Amino acid sequence: MIYFDHSSTTSVRPEVSNVYSQLLAQQYGNPDSLHALGRKAHALLEKSRENIAKMLHVLPGEILFTGCASESNSLAIIGYALANRNRGNHILVSNVEHPSVMHSMEWLKQFGFEIEYLPINSNGIVTPSLVKERIRKDTILVSTMHVNNEMGAINPVKEISEVVHSIPTCVYHVDCVQSFTKIDVPFECMDLATISAHKIHGLKGSALLMKKKKVKLMPLIQGGQQEQGLRGGTENAPSNIVLSKTIRLALEEKEEVYKRVSKINQYIREELSKIKGAHINSKEDAIPYILNISFDQITSEVLLNALDQRGICVSAKSTCSSHQKNYSSTLVAMGYSEKIATHMIRLSFGKDNTMEEASIFIKTCKEILNQYGLSL
Ligand code: PLP
């Protein structure tokens, strides 16, 4: 099998799953219990938080463990808006965010928040000048992703943050799910940042929200004192403990994997440019981990199924929206035609992919086009 769907999820590293199984068997104590088993779980959990904070260059108290990036995004947006209503009610968000961001924004409207959507430009990014044009004195929150999950476009988060912070009562939330451990993430310029473990060869059901100390949130899950009272419920100590190892291993390999993935990306771009009807939709400056392509001769669905039958896994659009019938809204927002948007597939590469797999992919596409492709 060839797995080109790492933006949807990744395999768990054996180093992570081995430690995790040991923890499940041995460290099942509740970190809030006062006995030895509880104290041990608490110590390991806090050590992990400390290590993660060091790797992100933030304080340990700025790391909140959550159950998934969708939860982190919801807590960041809804939790921040509800806790800071006295500051204003205007929120800016890009028009191509993950559904967990989009639905949180929609949900806030019932409380009188004014949500303004920032259109991305033809390169797939939100420009700092647009944020500058739209930001107001009563804007309390700006939210953009760092790397777009469908196209790989990289938002200029540092420049956007400068604009956001020109309003002293406004904070910047960044969904870093597709960028963290792949490119440098400037956490220093963000007030809230979302990360997911299963996108970086960690566990599903494990994620975090980086929340700067000065930022006040309202909890979405009521309960005990866990996670500074911002997320009630017994902490998932084994998952949270292995998250620091997951991050460390991914960061250690960051440069090497980036080079390998760039070569694969470049090779596929070159080979596709020789095929009639092929389009490379991701821009040259997109992250090399994500390559969005399409063929005039074949729709997304037919291509995805044909590749699947031949043992190649790709996505037709972002996985969280894959059961809806409509086409990629990101491509349309970037100005691509409806045809391209209904014909696109997303390849997303990871640390274990090889050049040989890239070459099989190209060969397989040519076979599929011969077999199913409409003549141009
Ligand atoms: N944000 C982005 C940009 C994503 O790509 C995803 C998952 O595809 C998520 C958030 C949600 O991640 P999780 O599955 O951990 O909720």
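Contact is taken here to mean heavy atoms within 4.5 Å. On that basis, in this predicted model, 71% of the contacts in the protein chain between residues at least 6 apart in sequence join residues at least 24 apart. The chain contains 13 helices and 12 strands, and its C-alpha trace spans about 70 × 50 × 35 Å along the principal axes.

The burial of individual elements can be illustrated with helix 6. In this helix, which comprises residues 157-164, the buried residues are Val157, Ile160, Ser161, Val163 and Val164. Viewed down the axis of helix 6, these buried residues fall within an arc of 160 degrees, and they therefore line one face of the helix. In general, an α-helix has 3.6 residues a turn, so that residues three or four places apart point the same way. The cover over the buried residues of helix 6 includes helix 5 (128-134), strand 5 (139-145) and strand 6 (171-175).

Aromatic side chains were examined next. A pair of aromatic rings is described by the distance of the centres and the angle of the planes. A search of the whole structure finds 5 aromatic pairs, one of which is formed by Phe4 and Phe349 in an edge-to-face arrangement, with 5.0 Å from centre to centre and 85 degrees between the planes. This pair links distant parts of the chain, since Phe4 lies in the loop between strand 1 (2-3) and helix 1 (14-26), whereas Phe349 lies in the loop between strand 12 (344-348) and helix 13 (355-372), the two residues being 345 residues apart. With a cut-off for burial of under 20% relative accessible area, Phe4 counts as buried because its relative accessibility is 0%, and Phe349 likewise counts as buried because its relative accessibility is 1%. Phe4 and Phe349 also belong, together with Phe361, to one aromatic cluster.

A charged side chain placed over an aromatic ring was also found: Lys182 lies over the face of Tyr289, at 5.6 Å from the ring centre.

Definitions and conventions:
Residues numbered from 1 in each chain as written. Predicted model: local features only at pLDDT ≥ 70, side-chain atom pairs only at ≥ 80, totals over all residues. Heavy atoms only, no water. Phe/Tyr/Trp six-rings, centres within 6.5 Å; stacked < 30°, edge-to-face > 60°. Helix = DSSP H or I, 4+ residues; strand = E, 2+ residues; numbered from the N terminus. Buried < 20%, exposed > 50% of the residue type's maximum accessible area, 1.4 Å probe, protein only. Lys NZ or Arg CZ within 6 Å of the ring centre and 35° of its normal. Arc of directions from axis to C-beta.
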